[in-house]
Amino acid sequence: MNSYFRLSQGAVETLAQEYGTPLLVLSTEQVVRNYTFLAEQLPGVKLYYAIKANPNEGIIRKLAELGSYF
């Protein structure tokens, strides 16, 4: 698993200027890659996501589609 979400310094600065700081930037594509990798490495294990840690609706919806437990 080599690919991971990256932002250039310029993109970070642009986002910070537009939205202010602190700023949380999420990648649902990266969440899918991470969940899929973990599920493949732990066959038969129910994977749970702690919603309290990050209640972002897009992340929760995507994890639910993938079969995550909450």
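Which residues make up the largest nonpolar core? In this predicted model, the largest nonpolar core consists of 5 residues, namely Val31, Tyr35, Leu47, Ile59 and Leu63. Two or more of its residues come from each of α2 and α3 (57-66). For Ile59, contacts beyond its neighbours within four places in sequence are made with Leu26, Thr28, Val31 and Tyr49. In soluble globular proteins, nonpolar side chains tend to be buried together.

Nonpolar side chains also occur on the surface, where Phe5, Leu7, Val12, Tyr19, Leu23 and Val25 form a patch with about 510 Å² of accessible area together. One of these residues, Phe5, is located in the segment before α1 (9-19). The relative accessible area of Phe5 is 36%, so this residue is classed as partly exposed. In the loop between α1 and α2 (28-41) lies Pro22, which is joined to Thr21 by a cis peptide bond with omega of about 0°.

The count of salt bridges comes to 2. In one, Arg61 pairs with Glu57, and the closest N and O atoms are 3.5 Å apart. These two residues are 4 residues apart in helix α3, and are therefore separated by about one helical turn. Arg61 is partly exposed at 48% relative accessibility, whereas Glu57 is exposed at 58%. In the other, Lys62 pairs with Glu65, with 3.2 Å between the closest N and O atoms. Because Lys62 and Glu65 are 3 residues apart in helix α3, about one helical turn separates them. Lys62 has a relative accessibility of 27% and counts as partly exposed; Glu65, at 56%, counts as exposed.

Notes: Residues numbered from 1 in each chain as written. Predicted model: local features only at pLDDT ≥ 70, side-chain atom pairs only at ≥ 80, totals over all residues. Heavy atoms only, no water. Patch = residues over 30% accessible without salt bridge, like charges linked within 9 Å, V, L, I, M, F, W, Y side chains within 5 Å. Areas by Shrake-Rupley, 256 points an atom, 1.4 Å probe, with all protein chains shown as cover. Salt bridge = Lys/Arg side-chain N within 4 Å of Asp/Glu carboxyl O. Buried < 20%, exposed > 50% of the residue type's maximum accessible area, 1.4 Å probe, protein only. Core = buried A, V, L, I, M, F, W, Y, C linked by side-chain atoms within 4.5 Å. Contact = heavy atoms within 4.5 Å.
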